[in-house]
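My entries follow the display.

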Amino acid sequence: MPQTETWAVVDSSGRKICDYDTVDQLEDSNTASIPIEPQENGRLFAYDKVPTPIEVTVRLLFAGDYSRQNTALSTLEKCRQGTSTFMIVTPSRVFFNMTVVGFSTTRSATNGVNLLEVSCSFQEVKAVSLATQTVQWSPRNPTSADETNRGQVRAQNSVLYDIFN
């Protein structure tokens with residue numbers, strides 16, 4: 001993790017996601033949902049609270065070098081299409097396992113048309129470890145079950161029984 005910057009978007013080896021000048025704004029969203037299932041007589045049953053992945057939007061600023069801006073946009077597009085994860089470092093919190101899910105660009109006369117603002121949307125990648133186990137299964141002996149009478153039985157002394165058998 002970089003020691004010189006208190007605001008950064010970096011990969012696992014501490015390199016910036018792209019050659020941006022500064023982080024201008026950060027918004028994060030931490031939510032959870034409560035699954036609701038329909039039950040009998042129109043009632044609903046709610047259970048457990050399920051945390052959703054954290055979403056963070058970071059606005060990155062780029063100065064007027066257009067070739068550097070285009071290179072950064074190409075890098076961000078590769079990140080959006082790929083599966084790389086990043087850390088978003090702030091003075092109060094570090095967000096781990098964040099991947100780029102989208103970005104938008106803005107240029108305005110009020111900020112100087114040569115200044116590029118890029119709002120990057122990140123979403124947390126939840127990592128879980130699954131344990132697998134091999135189970136031995138041996139069926140019961142089918143002859144050990146009690147005999148059960150089910151359904152109707154055709155009488156063997158009927159006229160139809162003599163015709164068809």
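The entries below record what I looked up, topic by topic.

**Basis.** I worked from a predicted model, in which local features need pLDDT of at least 70, side-chain atom pairs count only at pLDDT 80 or more, and totals for chains, interfaces and linings use all residues. Residues are numbered from 1 along each chain as its sequence is written, and side-chain values use heavy atoms, with hydrogens and water left out.

**Sheet.** I looked up the strand order and found an open sheet of 6 strands, β1-β8-β9-β10-β7-β2, with antiparallel pairing. Its edge strands, each pairing on one side only, are β1 (8-10) and β2 (22-29). On average, neighbouring strands are turned by 35° against each other, direction ignored. Strands are DSSP runs of E, at least two residues, and helices are runs of H or I, at least four, numbered from the N terminus; two strands pair if DSSP finds at least two bridges between them. I noted 7 bridges between β2 and β7 (residues 55-62), in the antiparallel sense; E27 has T57 in β7 as its bridge partner.

**Helix on the sheet.** Helix α1 (residues 66-81) packs on the sheet and touches β7, β8 (86-89), β9 (94-106) and β10 (116-124), its direction making about 125° with that of β9. Contact means heavy atoms within 4.5 Å. Axes are lines fitted to C-alpha atoms, for helices over the stretch in contact, and angles run from 0 to 180 degrees between N-to-C directions.

**Salt bridges.** R59 meets D24 at 2.9 Å, N to O; R59 is in strand β7 and D24 in strand β2, 35 residues apart. R59 also meets E117, at 3.7 Å. E117 lies in strand β10 and R59 in strand β7, so this pair ties together parts 58 residues apart in sequence.

I then checked accessibility: buried means under 20% relative accessible area, exposed over 50%, partly exposed in between (1.4 Å probe, protein chains only). E117 is buried at 11%, whereas R59, at 23%, is partly exposed. Beyond neighbours within four places in sequence, the contacts of E117 include L60, S104 and N111.

Which residue forms a salt bridge with D11? I found R15, with the closest N and O atoms 3.2 Å apart. R15 is exposed at 54%, and D11 is buried at 15%.

Notes
Salt bridge = Lys/Arg side-chain N within 4 Å of Asp/Glu carboxyl O.
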